[in-house]
Amino acid sequence: MDLSVKDIYRPLTFDEAVAAFSDEPSMLPIAGGTDISVQMRAGKFAGAHLLDLSGVLPRSISADGGFIEIGAGATMDEIADSGPLRSVCPALCQAARKVGAWPIQCRATLGGNLANASPAADTAPPLLVADALVVAAGQGGLRNIEAEDFFAGPGENTLKPGELIHSIRLPVTDPPSFSRFTKLGWQREQIISVVSLSISLHLNDQGLVTKAAAALGAVAATPKRAPSVEAVLVGHSLDPAAISRAVEAVQNDITPIDDIRAPAWYRRVAAATLVERMLEEASGA
Ligand SMILES: Cc1cc2nc3c(=O)[nH]c(=O)nc-3n(C[C@H](O)[C@H](O)[C@H](O)COP(=O)(O)OP(=O)(O)OC[C@H]3O[C@@H](n4cnc5c(N)ncnc54)[C@H](O)[C@@H]3O)c2cc1C
C-alpha cells in the first residue's frame, strides 16, 4: 500500500495557509492528523499534497462580545479543560473528553472533527444545540456558517473550495440551566459513537421548560437537531408524561441505517433510552 504523500507545505502563518489553499484547493489540509492517518492507512490520499496547519491554526478559547470563540486548532483536551466553556457549554467539554482516549484528545482538533463531517462526530451535537457558528476563512475573508448548515452528508461539509475553518463561535448571552452530552459506543469513550445526544434546557422558577434544544449523532446522514423532541418539551415541566412524549418524539427526528457498528433498530432503541435518561437527570429524578 502506498502511504506516501507527494509533498508537505508548512506555511508560517494562517494567512499564508489560506492564500496557498485558495490558490490550490486540491491540497489536503492536515491539523491533528487523527482522521487523516486512519484514512491513509485505508488507502486514501496516496500522492496527496499536504497543507500542514498544525503550527498556524488559531487555537485560543476567548470571550468576544456575546460569543466564546474557539480557534479551529484547539484540541479536545484543551476544550474539555476550558473553564469558560465549562461554565457556558458543559456539553461541549463533555463531548471533547469522549473523543477517543486521552492521547487522541491531545492531538484531535475541533476544526478537524467538524471538517471531517462524520455523522458520529462527537462535538457536533453540542455545537448544534448551542446554535454555534463555524467561521470559514477564504480568499474573500471570513464568513459565518450556522452549525446546522455546515454538514452536507457523510464526509461532506459546506466549506467552499479553498476555504479553511478558522474558528467556532458560541453565543453565550443566555446560558442554559441544563447542558449535557452523552454517547453510546461499544467501548465507552474509546470508540466512535453508535448514538450520541446533547440536550440543553432553559427552566424557569416553576420548573417549566422555556427553551429546549436537542441534537443527535450517528442516527442520520449528518449530525442533526431533534425538533420534535424540542417541541414536546417547551412549556412543560419535566414530569414522566413529558419525558415519555420526548422519548416517542425522537423517533420522528432520526433516520438511522444499519452499518458495522449497529443495526438501525438498535439505534432507535438507544436514542430513546438516551433521551429518557438525560431528561430524567434534568428533572432531578
Ligand atoms: C483511535 C481513534 C478514536 C477516535 N474516536 C473518536 C470519537 O470517539 N469521537 C469522534 O468524534 N471522533 C473520533 N475520532 C476521530 C478524530 O480523532 C476526530 O475527528 C478529530 O477531531 C479530527 O481532528 P484532527 O485535527 O485530527 O483532523 P485531521 O485528521 O487533521 O483532519 C480531518 C479532516 O479535516 C480537514 N481539516 C482539518 N482541519 C481543518 C481546518 N481547520 N479547515 C478545513 N479542513 C480541515 C482535513 O483536511 C481532513 O479532511 C477518533 C480517531 C481515532 C484515530
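User: Which polar backbone atoms lie at what distance from an oxygen atom of the ligand, starting with Pro29?

Analyst: A polar contact is a pair of N or O atoms within 3.5 Å; within protein, one must be able to donate a hydrogen and the other to accept it, and residues adjacent in sequence count only if both atoms are side-chain atoms. In this predicted model, a polar backbone atom of Pro29 is 2.5 Å from a ligand oxygen atom. For Ala31, a backbone N or O atom lies 2.8 Å from an oxygen atom of the ligand. A polar backbone atom of Ile36 is 2.9 Å from a ligand oxygen atom.

User: What part of the ligand's exposed area does the protein bury?

Analyst: The ligand taken alone exposes 990 Å², and the protein buries 88% of that (accessible areas by the Shrake-Rupley method with a 1.4 Å probe).

User: What should I know about numbering and confidence in the model?

Analyst: Residues are numbered from 1 along each chain as its sequence is written, and side-chain values use heavy atoms, with hydrogens and water left out. The model is predicted: local features need pLDDT of at least 70, side-chain atom pairs count only at pLDDT 80 or more, and totals for chains, interfaces and linings use all residues.

User: How many residues surround the ligand, and which elements give two or more of them?

Analyst: A residue is near a molecule if one of its heavy atoms lies within 4 Å of it. Here 32 residues surround the ligand, and the closest are Pro29, Gly32, Thr34, Asp35 and Thr109. Helices (H or I, at least four residues) and strands (E, at least two) are DSSP runs, numbered from the N terminus. Strand E2 (28–30), helix H2 (34–41), helix H7 (110–115) and strand E10 (164–171) each give two or more residues to the shell. H2 supplies the largest share, 4 residues.

User: How do I read the second largest pocket, and why does it lie between two domains?

Analyst: On a 1 Å grid over the protein atoms alone, a pocket is an open set with protein on both sides within 12 Å along at least five of seven lines, whereas a cavity is a set of points where a 1.4 Å probe fits but cannot get out; lining residues have an atom within 4 Å of a point. Grid points are joined across faces, edges and corners, and a volume is the space filled by probe spheres set on the points. The second largest pocket holds about 380 Å³ of space. Of its 22 lining residues, Val129, Ala130, Asp131, Asp174 and His202 lie nearest its centre. Domain 2 (61–171) and domain 3 (178–283) both give residues to this lining, so the pocket lies between them (bounds from an automatic or database domain assignment).

User: Which residues line the largest cavity?

Analyst: Leu114, Ala124, Leu127, Leu128, Val134, Ala147, Phe150 and Phe151 line the largest cavity, which has about 40 Å³ of space. H8 gives the largest share of that lining, 3 residues.
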